Amino acid sequence: MDIDLDRLTAWLGEAPVAVTRYPGGQSNPTYRVDVARGSYVLRRKPFGVLLPSAHAIEREYRLIAALHPTGYPVPRPVALCEDAGVIGAPFYLMERVAGRTIWNGAMPELSPNERRAHYLAMVDALAALHAIDPVAVGLGDYGKPGNYFERQVARWTRQYRASQTDDLVDVERMIEWLPRTVPAQDRVAIVHGDYRIDNLIFAEGGAQVAAVLDWELSTLGDPLADFTYLLMNWMTQPDGRSGIAGLSGGDSGIPTMEEVVARYRTATARDGVPGLDWYFAYNLFRLAGIVQGIKQRVRDGNASSAQAARMAERVPELAAAAWHFAEQAGA
């Protein structure tokens, strides 16, 4: 175990029956902590030197503490520890939510009707998040004012530069093109920042979303950031993860992108959704920035997942895909 169990025991006030690290967790390592009175989930920052503003578990904790009383499906927050001296990095505890994690967007183990129900529940949960008034839940200052995408393009450019290891033409093109083509913003909502199927827990006996997890990238901003990020699944090749390109419609049970757009529009009272190519280009650029950070952590020796090294090699591929959509958007 890579955390000090003696110190954790002292902080908890009782010895854990078991501590198990979850697989995945490219960003913030996550553990199941079983004690006599129940089960919790512990999320901590990675050890070592970190990029500025990255791995903001304190923001995660504040967010779920604000949302939980509203009935929105997030785990119950238990405690935040900002003292890195306890286990080597700041961390927080939340209640463990029982249910199912679906890693493969194709959902091969489910029937067509079940697949459809799960996807529609996922869209509805996102629309419900975007309907929450940030001010009403004490999150009016959770994000900066101004155009969200403008801020995010600047942020991910800085993050990429801070962890840059190679000179990639497609990344440089995106860094030049994105800031001067940012679309207007007409709404402000709580933005999850990484809304995808494996960050959800579904109820044991049905398609209901029991919990939305991994709020590290959450902020206030344009809800289209979340929605178009979700739509990227329909543009991504199936690989046993969230990509479902070519799998939707027909007898699959998986709704088409057009159906998903229509359902989200209805749920959020939107007249329409603008051209998607700019948003797809942005989302891929952002993902390239995230993966570049993972690549740097691999080189520094503090990557938090066994799959990190393999993922780190995807930066050129992601940058090329981003520029492809930029060209379709008129670049």
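This is a predicted model: local features need pLDDT of at least 70, side-chain atom pairs count only at pLDDT 80 or more; totals for chains, interfaces and linings use all residues.

Q: OK. Leaving out residues up to four places away in sequence, what does arginine 43 touch?
A: Arginine 43 touches Asn28, Pro29, Thr30, Ile57, Glu60, Pro90, Phe91, Tyr92, Met94, Asp214 and Glu216.

Q: And where is arginine 43 found?
A: Arginine 43 is in strand 3, which covers residues 38-44.

Q: Is arginine 43 buried or exposed?
A: Buried, because its relative accessibility is 8% and the cut-off for buried is under 20%.

Q: Which side chains make polar contacts with the side chain of arginine 43?
A: One is the side chain of threonine 30, at 2.9 Å. Another is the side chain of glutamate 60, also at 2.9 Å.

Q: Asp214 was in that list of contacts. What is the phi of aspartate 214?
A: About 60°, a positive value, although aspartate 214 is not a glycine. For background, most residues other than glycine have a negative phi.

Q: Where does aspartate 214 lie, then?
A: In the loop between strand 8 (209-212) and strand 9. Aspartate 214 counts as buried because its relative accessible area is 18%, and buried means under 20%.

Q: What about methionine 107, what is its phi?
A: Near 50°, which is again positive in a residue other than glycine. Methionine 107 lies in the loop between strand 5 (91-95) and helix 3, and it is buried, with a relative accessible area of 0%.

Q: What happens at the start of helix 6?
A: There, a side-chain oxygen of aspartate 222 comes within 2.9 Å of the backbone nitrogen of leucine 224.

Q: How far is leucine 224 from leucine 287?
A: They are 63 residues apart in sequence and 16 Å apart in space, C-alpha to C-alpha. Leucine 287 lies in helix 8 and is partly exposed, with a relative accessible area of 23%.

Q: How many cavities of 30 Å³ or more does a search of the whole structure find?
A: One. The largest cavity has a volume of about 30 Å³.

Q: What lines the largest cavity?
A: Tyr148, Val191, Gly193, Ala225, Asp226, Tyr229, Tyr282, Asn283 and Arg286. Helix 6 and helix 8 each give at least two residues to the lining. By type, the lining divides into five nonpolar, two polar and two charged residues.

Q: Now the largest nonpolar core. How many residues does it have?
A: It has 80 residues, and those with the most contacts inside it are Leu67, Tyr72, Met174, Ile190, Trp215, Leu231 and Trp234. Helix 8 gives the most to this core, with 10 residues. Apart from this core lies another, of 14 residues, among them Ile3, Leu8, Tyr31 and Tyr40.

Q: Take tyrosine 72. Which residues is it in contact with, leaving aside neighbours within four places in sequence?
A: Tyrosine 72 is in contact with Leu67, Ala125, Leu126, Ala128, Leu129, Ile132, Val212 and Trp215.

Q: And Met174, which helix has it among its buried residues?
A: Helix 5, residues 169-177, whose buried residues are Asp170, Val171, Met174, Ile175 and Trp177. What covers them includes helix 4, helix 8 and helix 10 (315-328).

Q: Last one: where is aspartate 198 found?
A: In the loop between strand 6 and strand 7 (200-202). Aspartate 198 counts as buried, at 9% relative accessibility. A polar contact of 2.8 Å joins its side chain to that of arginine 196. Leaving aside neighbours within four places in sequence, aspartate 198 is in contact with Thr101, Ile102, Trp103 and Arg241.

Technical notes
Residues are numbered from 1 along each chain as its sequence is written. Side-chain values use heavy atoms; hydrogens and water are left out. A polar contact is a pair of N or O atoms within 3.5 Å; within protein, one must be able to donate a hydrogen and the other to accept it, and residues adjacent in sequence count only if both atoms are side-chain atoms. Helices (H or I, at least four residues) and strands (E, at least two) are DSSP runs, numbered from the N terminus. A nonpolar core is a set of buried Ala, Val, Leu, Ile, Met, Phe, Trp, Tyr and Cys residues joined through side-chain atoms within 4.5 Å. Buried means under 20% relative accessible area, exposed over 50%, partly exposed in between (1.4 Å probe, protein chains only). Contact means heavy atoms within 4.5 Å. On a 1 Å grid over the protein atoms alone, a cavity is a set of points where a 1.4 Å probe fits but cannot get out, and a pocket is an open set with protein on both sides within 12 Å along at least five of seven lines; lining residues have an atom within 4 Å of a point. Grid points are joined across faces, edges and corners, and a volume is the space filled by probe spheres set on the points. Ala, Val, Leu, Ile, Met, Phe, Trp, Tyr, Cys and Pro count as nonpolar, Asp, Glu, Lys and Arg as charged, and the others, Gly among them, as polar.
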